[in-house]
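Please keep the sequence and the model in view while reading.

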Amino acid sequence: MTMTPARTVRIAASIGTAALAVATAFAVPAAAASHQTARPGSAVFVQTNSPAGNAIVAYDRDADGTLTAAGRYPTGGLGGSLAGSAVDHLASQGSLAYDRAHQLLYAVNAGSDTITVFAVHGDRLTRTQQVASGGSFPVGIAVHGDRVYVLNALDGGSVQGFVRVGDSLATVHSWNRGLGLDPTATPQFTHTPGQIAFTPDGTRLVVTTKAATNSIDVFPLDRSGTPARTPVVNSEPGTVPFGFVFDAAGRLQVTQAGTNAVATYTVARDGKATPVGSPAATGQAATCWIVRDGRHLYASNAGSDSLSGFRTGGRHGLVPLGDTGTDGGTVDAAVSSDGRYLYAQTGAKGIVDEFRVNHDGSLTAIGSVTVPDAVGGEGIVAR
């Protein structure tokens with residue numbers, strides 16, 4: 001879509017105003033690290049989501065994949081907890097996001113309705129900004145190029161768009177869209193949105209709504225990054241679509257907490273999501289999060305304390321690889337940049353379980369770390 005001159009001026013003015021505010025953002029020195037031998041690209045960052053004060057705990061990834069504590073960095077905001085949640089206080093995927101191209105880390109402060117931006121220097125973080133999320137109770141962040149979108153969970157749900165300006169975010173107020181969810185629906189943790197992400201080409205935003213409307217909502221974006229006024233709603237009754245990733249072929253792989261399965265879709269330019277084959281059942285309970293490592297997918301089952309592995313590209317859909325046990329309350333997970341290690345966040349006691357990813361996709365446990373003040377925490381990034 002080609003922008004008219006008037007639209008270009010309006011967007012530029014909005015970004016310019018926000019960028020002026022960004023110029024006044026404070027910079028906070030990084031916390032003193034206890035371990036100063038980090039290698040570039042070998043850090044793991046874990047969000048505590050503590051209501052008493054949210055923080056990012058940094059770990060060095062050693063040569064064998066195990067983690068060593070390297071520092072703690074307050075976000076300046078507060079974590080939050082959705083009513084009814086037990087091991088997953090945000091009940092979302094993608095609450096901590098890494099912009100590899102610009103070496104920035106974005107964290108949600110659900111209890112403060114803000115987003116914190118950190119500049120990443122190996123295993124060290126420098127806080128550069130805390131900015132309003134554009135809604136209530138932010139739970140997810142999507143990044144593509146210089147565009148960043150935040151998913152807000154409460155008051156009916158909303159998405160808010162930003163443009164990266166240096167090491168900060170400039171709010172584009174015209175890039176705010178309501179999701180139209182019932183703000184009174186209970187329990188909150190099942191009736192709020194689950195994730196936001198860009199399609200691989202950056203032309204659409206995808207949002208899952210869990211049990212709120214059992215739908216996969218897709219916002220087409222114009223060339224400026226402006227979302228359509230309303231999303232294309234792909235209804236999936238009873239499935240409770242939660243977390244998702246895109247596989248190597250660009251297909252959408254969605255966890256279904258209602259059926260405990262992983263379903264495959266293609267997403268067309270017009271926003272229509274079309275199922276591919278039948279969902280692959282995990283045989284586990286509360287299948288909610290999912291992470292990709294090359295051709296392999298790993299779904300987190302919070303109710304079974306396990307990870308279910310699958311291989312993509314099978315003639316008849318996903319090929320099951322079996323289940324691997326974790327500590328209690330399996331939630332978010334991340335894979336190292338070299339694809340050799342998987343780190344699973346577990347919410348019951350705030351433990352991160354460490355696994356080596358074998359050539360056949362099976363997982364071998366290699367240890368675990370307990371993250372301080374991270375019971376019920378969500379959000380993990382591996383470099």
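Asp60 is found in strand E2, which covers residues 55-61; helices (H or I, at least four residues) and strands (E, at least two) are DSSP runs, numbered from the N terminus. Asp60 counts as buried because its relative accessibility is 2%, where buried means under 20% relative accessible area, exposed over 50%, and partly exposed in between, with a 1.4 Å probe and protein chains only. Phe45 lies 15 residues from Asp60 in sequence, and their C-alpha atoms are 8.9 Å apart.

The model is a predicted one, in which local features need pLDDT of at least 70, side-chain atom pairs count only at pLDDT 80 or more, and totals for chains, interfaces and linings use all residues. Residues are numbered from 1 along each chain as its sequence is written, and side-chain values use heavy atoms, with hydrogens and water left out.

The chain as a whole has one helix and 29 strands. Of its 383 residues, 57% are buried.

In soluble globular proteins, nonpolar side chains tend to be buried together. Here, the largest nonpolar core has 36 residues, of which Phe137, Ile141, Tyr149, Ile196 and Leu205 touch the most other members. Such a core is a set of buried Ala, Val, Leu, Ile, Met, Phe, Trp, Tyr and Cys residues joined through side-chain atoms within 4.5 Å. Strands that each supply at least two residues of this core include E5 (104-109), E8 and E12. Its largest share, six residues, comes from E9.

The largest pocket has a volume of about 1100 Å³. It is lined by 33 residues, and those closest to its centre are Leu96, Ala97, Tyr98, Gln195 and Val245. On a 1 Å grid over the protein atoms alone, a pocket is an open set of points with protein on both sides within 12 Å along at least five of seven lines, a cavity is a set where a 1.4 Å probe fits but cannot get out, and lining residues have an atom within 4 Å of a point. Grid points are joined across faces, edges and corners, and a volume is the space filled by probe spheres set on the points. Among the strands that each supply at least two residues of the pocket lining are E4 (96-99), E8 (136-144) and E12 (195-198).

There is one cavity of 30 Å³ or more. The largest cavity holds about 70 Å³ of space, and its lining includes Asp155, Asp182, Gln188 and His191.
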